[in-house]
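Let me jot down what I look up as I go.

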Amino acid sequence: MTNIYAVILAAGKGTRMKSKLYKVLHPVCGKPMVEHVIDHISSLHTAQIVTIVGHGAEKVKGYLEGKSEFALQEEQLGTAHAVMQAEALLGEKEGCTLVVCGDTPLIKPSTMEALVKYHEEQQAKATILTAYADQPDGYGRIIRGEDGMVEKIVEHKDATEEERQVKEINTGTYCFDNRYLFDTLKKVSNDNAQGEYYLPDVIEILKKAGETVAAYQTDDFNETLGVNDRVALSQAETIMRRRINEQHMRNGVTIISPENTFIGPDVSIGSDTVIHPGTVLKGRTVIGSECEIGPNSEIDNCQIGDETVVRHSVAADSEVGSRVAIGPFAHIRPASAIGDEAKIGNFVEVKKTTFGKGSKASHLSYIGDAEVGSGVNLGCGSITVNYDGKNKALTKIEDDAFIGCNSNLIAPVTIGKGAYVAAGSTITDDVPGNALSVARARQVNKENYVENLNSKK
Ligand code: UD1
Ligand code: CA
């Protein structure tokens with residue numbers, strides 16, 4: 001098999017987005033659109049990927065570091081000029097080169113693969129990925145000759161009324177013979193409505209030189225949507241969301257309301273897990289089997305075991321074990337690890353804490369910078385006082401300790417194994433294992449207080 005190279009066009013500003021954020025960095029299902037493109041291409045085992053950057057080059061490179069090489073297009077003179085910037089990296093290579101726009105995040109790897117295969121079968125010098133669009137406005141049109149063969153691509157702005165009637169469009173994805181691509185780019189002019197060097201003009205030049213030019217049509221226009229404005233962005237979001245959710249459902253995940261469930265492209269979910277409406281799963285979240293997630297929960301970059309329940313809660317950058325109950329209304333902040341069978345109940349916030357197996361904080365607690373052993377019970381309203389205004393300090397609660405309601409544990413402090421802390425205590429010193437610590441004022445009852453008060457009037 002021949003080597004496959006790829007060039008991704010991502011130097012444009014994206015004026016039609018009306019945004020400070022460069023177009024190709026606008027996220028679709030939580031991931032920048034250009035990163036979708038690169039991740040899809042990477043799955044084809046390409047020999048080299050070159051991304052053309054220009055507007056916001058440093059930012060774009062920041063997102064794609066390690067996934068692509070880069071070539072800078074200092075001035076955006078058009079898509080042909082953009083590809084030319086890859087010449088120093090790819091010009092001498094033998095093989096075929098895929099060119100994909102950074103703003104078409106929905107093209108599937110299988111379609112790109114089929115395009116390359118077709119290109120090779122046809123022994124073409126260039127093969128265009130085309131699609132039928134009900135509303136082709138804005139896209140380049142595929143102009144075929146009487147023999148049905150592709151003659152050229154005409155941009156919408158340059159097209160005649162008759163050409164605008166054509167509904168077969170250029171998706172902006174192509175496969176070229178690499179040598180022919182770079183030779184032909186030099187012959188492209190900018191004599192057109194936009195004064196730009198158009199990559200699609202390569203097709204007409206090759207055709208006129210008698211070379212074989214082919215077109216591979218996908219039957220799914222949805223795949224080829226180019227995101228030029230926020231309307232298309234929301235359409236891309238909807239299409240990709242459906243695609244991701246359907247994949248999970250086919251894998252054995254129940255999604256009660258797919259239209260109201262937002263799952264990122266890099267999330268994995270075990271079978272027989274049920275996702276309830278209003279759930280947002282982001283980053284590299286991994287959820288085990290037979291869990292109940294949601295309703296209304298946001299989970300970012302977490303690893304969750306099996307049979308765990310998360311209701312109406314938020315969790316980020318943390319690990320959660322199996323058979324854990326979280327929520328309703330809990331907040332698991334980064335760098336936390338919640339052990340198996342633990343319970344983090346209503347209005348409990350956990351931060352940078354390990355919380356051992358079977359431990360419980362059922363109501364109204366803040367547990368930050370803590371190491372909580374197994375079998376610990378934190379009573380309602382108990383709090384780790386981890387911050388003195390300058391530094392954060394550690395609270396250790398050893399196995400089987402019992403912390404009474406409304407206790408303040410002033411860190412650094414250790415509650416020994418099996419110790420009891422009386423309700424309402426403010427603990428400033430370590431508590432030995434198996435001790436009972438009471439740290440509160442004694443109760444005083446003043447008898448006949450009201451009578452005495454009234455007699456003074
Ligand atoms: C382009 C195609 C059109 C096709 C459509 C598919 C051209 C001239 N037209 O039009 O035939 O139907 O895509 O979506 O190619 N870019 C650069 N440098 C530049 C100009 C653009 O890197 O100098 C990048 C942009 O960042 C973008 C991509 O190329 O990711 C496409 O550019 P865009 O301006 O969106 O082209 P379209 O008008 O959509
Ligand atoms: Ca576009």
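This is a predicted model: local features need pLDDT of at least 70, side-chain atom pairs count only at pLDDT 80 or more; totals for chains, interfaces and linings use all residues.

Domains. I checked the domain assignment first: domain 1 covers 4-224 and domain 2 covers 251-437. Then I looked up how far apart they sit, and the C-alpha centres of domain 1 and domain 2 are 48 Å apart.

Which residues come nearest to ligand 1? I found G12, Q73, T79, E155 and N170, out of 24 residues around the ligand.

Polar contacts. I went through a few N and O pairs next. The side chain of Q73 puts a polar atom 2.7 Å from a nitrogen atom of ligand 1. For A11, a backbone N or O atom is 2.9 Å from an oxygen atom of the ligand. I also noted D103, where a side-chain N or O atom lies 3.2 Å from an oxygen atom of ligand 1.

Cover. How much of ligand 1 does the protein cover? I read off 91% of the 750 Å² of accessible area that the ligand has on its own.

Pocket. I looked up where ligand 1 sits, and the space it takes is the largest pocket. Then I asked which elements give two or more residues to the shell around ligand 1. My list reads β1 (4-10), α3 (79-84) and β10 (168-177). Of the elements, β10 gives the most, with three residues.

Notes
Residues are numbered from 1 along each chain as its sequence is written. Chains are lettered from A and ligands numbered from 1 in the order in which they are written. Side-chain values use heavy atoms; hydrogens and water are left out. Domain bounds come from an automatic or database domain assignment. A residue is near a molecule or strand if one of its heavy atoms lies within 4 Å of it. A polar contact is a pair of N or O atoms within 3.5 Å; within protein, one must be able to donate a hydrogen and the other to accept it, and residues adjacent in sequence count only if both atoms are side-chain atoms. Accessible areas come from the Shrake-Rupley method with a 1.4 Å probe; for residues, only the protein chains shown count as cover. On a 1 Å grid over the protein atoms alone, a cavity is a set of points where a 1.4 Å probe fits but cannot get out, and a pocket is an open set with protein on both sides within 12 Å along at least five of seven lines; lining residues have an atom within 4 Å of a point. A molecule sits in a cavity or pocket if more than half of its atoms lie within 2 Å of its grid points. Helices (H or I, at least four residues) and strands (E, at least two) are DSSP runs, numbered from the N terminus.
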